[in-house]
Amino acid sequence: MGLCRNDGWTSVVKELIENAIDARASKVKISINGGGKSSIIVEDDGIGMSEEDLKLAVLPHTTSKIETFDDIFNLTTFGFRGEAIASIAAVSKMKIESSDTDDGTGHGIEVIGGIVGESFPTAKTKGTRVIVMDLFFNVPARRKFLSSVAVESRMVTEIIEKFILSSNVSIEYIRDGEGIYNVAKSSTLEDRIKIIFGDQNLIKVEEQMGGMKIYGYVSAPDVGRQNRLNEVTFVNGRYVKSPFLLKAIETGYAQHLKKGEFPTAIIFIEIPPQVVDVNVHPQKLEVKFSDQSRVFGSIASVVKHALASPSVFQIPVERAPYFEDKGSSLKAYEKPDKMIREKFSQNFDFDFDRIPERSGQKVEREKLSQTHPLGILNGRYLISYGQNALYITDIHAAHERILFDKIKTQSILSQKLMNPVKVDLTQVQKDIFEDHKAEISSFGFEYKDGNLFSVPSIKGVDDWAALFVSTIENFRISFAKDPKEEFFADVACKMAVKTGEKISDVEINQLLSDLDKLEVWSCPHGRPLVYSIEFDRLDRYFGRD
Ligand SMILES: Nc1ncnc2c1ncn2[C@@H]1O[C@H](COP(=O)(O)OP(=O)(O)O)[C@@H](O)[C@H]1O
Ligand SMILES: [Mg+2]
């Protein structure tokens with residue numbers, strides 16, 4: 001095992017569940033109390049231990065490695081293969097009760113800070129119960145490293161979720177007396193994914209390629225998420241954290257997902273153990289393959305095949321025509337928006353003769369408010385030209401940035417909804433909401449028992465549930481971003497003009513002059529706002545210089 005310096009209950013829970021599964025349990029029950037700072041209990045109905053086994057289980061195999069608690073503290077990792085129980089027992093108050101018979105009798109043992117007591121007989125059904133109390137009670141410096149109760153228990157939930165996905169046993173999880181998960185043994189992988197990530201359209205993946213078996217489920221190509229939290233990979237049954245594997249999955253989606261969008265994907269890889277190394281990290285969460293590019297390519301292709309299968313409803317991906325200095329893309333201009341054709345009719349007979357003479361000087365960012373709007377391309381891009389260049393403005397992104405800068409300085413009022421909106425949060429989302437209730441409420445949300453009663457008083461939002469969920473997700477510990485900024489970015493995105501939405505010429509002029517005042521020419525999500533084609537680039541292209 002490996003408890004890392006900063007690992008607390010998560011590693012303990014992980015090791016104990018692994019032991020239960022190793023003992024061929026069909027049901028594992030995990031209870032944590034006081035957030036786990038007071039106790040972690042893992043019970044199984046596996047093969048159990050005899051009295052002798054039990055005494056051996058709590059003994060370190062090589063006592064010399066850990067002589068004092070100082071040593072434990074100084075090792076980045078402690079405990080070695082076959083010593084999880086002993087290592088945990090050295091830094092907690094542990095009690096194990098186990099039975100390897102069907103007669104209702106068994107044995108118990110207590111270890112307090114590594115000091116092993118006498119074994120004692122106890123009534124016990126077949127299987128094992130391990131109780132870990134007061135983790136790091138005797139190593140105050142380590143105890144200090146435990147994160148807050150809220151964070152630790154959320155991490156425990158997340159590790160339990162990985163076991164729910166990767167095992168075929170029944171898993172029950174109770175936290176401070178409240179039942180969080182209770183997954184039946186008979187639950188399929190698809191059921192398990194839905195329990196954890198919510199109900200959604202999933203596409204089955206299953207293929208042999210590149211010497212591997214790759215299987216699991218991925219989300220339909222048209223539904224993207226804003227983060228990678230729903231992408232989970234397992235290698236030979238073990239959960240691994242691997243940006244490399246996630247990238248491979250995303251590559252399989254190719255153009256189906258917009259930039260900054262991620263799928264839901266639960267992918268299992270079975271690969272001969274000799275070509276994979278899952279031991280590069282003490283927690284064994286990372287993975288390295290001897291032929292990285294083959295693994296990458298195979299996963300990407302398998303995902304791509306699954307998405308392309310006829311059972312999947314495909315939304316044709318329409319590439320927005322765009323102006324580019326290479327290739328003749330003027331064709332893109334042949335079918336401007338009808339609405340705009342009327343609005344800008346006088347400008348519409350666009351002819352390149354009207355483009356001012358090349359000024360000769362280096363192109364500076366000219367004032368967009370002084371450019372002449374020509375039309376809207378593909379419902380999305382405002383085309384205008386000025387002294388030096390043709391400008392293509394992403395209307396939505398520009399509007400988003402302008403709104404973002406404006407609203408982030410304001411306080412948000414709350415409005416009651418006429419009809420409460422039902423929102424099914426996942427367990428982790430519920431936890432995050434509870435932990436950050438005050439802040440999330442300050443954005444105007446009022447949520448209770450699965451329903452949203454009040455929402456921020458902003459216009460243009462049609463999916464309150466989605467905004468609420470993404471607001472919660474912004475508080476994930478793994479996010480380095482400022483949840484408040486992210487919230488305003490989300491709101492700005494929801495309020496901004498959508499593709500194809502009508503926009504008056506007054507609004508266009510306003511947009512252009514607002515853009516001139518901006519410091520940053522990128523939207524809150526980092527996408528660019530304006531693309532310019534300088535006239536001298538055109539001249540160069542047409543061989544006129
Ligand atoms: N839940 C359990 N059921 C049955 N036996 C167990 C259980 N947990 C631990 N053991 C026994 O205790 C031994 C030591 O466990 P551990 O310290 O986790 O090392 P490892 O799992 O690597 O052998 C195991 O090899 C197993 O024999
Ligand atoms: Mg073990």
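**Strands and pairing in a predicted model**

The secondary structure of this predicted chain comprises 18 helices and 25 strands.

Q: What makes strand β16 largely enclosed by the rest of the structure?
A: A residue is buried if 20 or more other C-beta atoms lie within 10 Å of its own. In β16 (residues 265–270), 5 of the 6 residues are buried, so the strand is largely enclosed. For the chain, 37% of the 545 residues count as buried.

Q: How do you know that β13 pairs with β16?
A: Pairing needs at least two bridges found by DSSP. Strand β13 (residues 212–219) is joined to β16 by 6 bridges, so the two strands pair. They run antiparallel. Tyr215 stands opposite Phe268 in β16.

Q: What joins β14 to β16, and is the sense parallel or antiparallel?
A: There are 5 bridges between strand β14 (residues 231–235) and β16, and the two run parallel. Val235 stands opposite Ile269 in β16.

Q: Why are β22 and β23 called edge strands?
A: The open sheet has 3 strands in the order β22-β24-β23, with antiparallel pairing. β22 (414–422) and β23 (446–448) each pair on one side only, which makes them the edge strands. From one strand to the next, the twist averages 20°.

Q: What makes β23 and β24 a pair?
A: The cut-off is at least two bridges. β23 and strand β24 (residues 451–456) share 3 bridges in the antiparallel sense, so they pair. Lys448 has Asn451 in β24 as its bridge partner.

Q: Which helix lies across β22, β23 and β24?
A: Helix α15 (residues 464–473) does, running at about 85° to β24.

Definitions and conventions: Residues are numbered from 1 along each chain as its sequence is written. Chains are lettered from A and ligands numbered from 1 in the order in which they are written. This is a predicted model: local features need pLDDT of at least 70, side-chain atom pairs count only at pLDDT 80 or more; totals for chains, interfaces and linings use all residues. Helices (H or I, at least four residues) and strands (E, at least two) are DSSP runs, numbered from the N terminus. A residue is buried if 20 or more other C-beta atoms lie within 10 Å of its own, exposed if 12 or fewer, and partly exposed in between; C-beta atoms are placed from the backbone. Axes are lines fitted to C-alpha atoms, for helices over the stretch in contact, and angles run from 0 to 180 degrees between N-to-C directions. Two residues are in contact if their C-beta atoms, placed from the backbone, lie within 7 Å.
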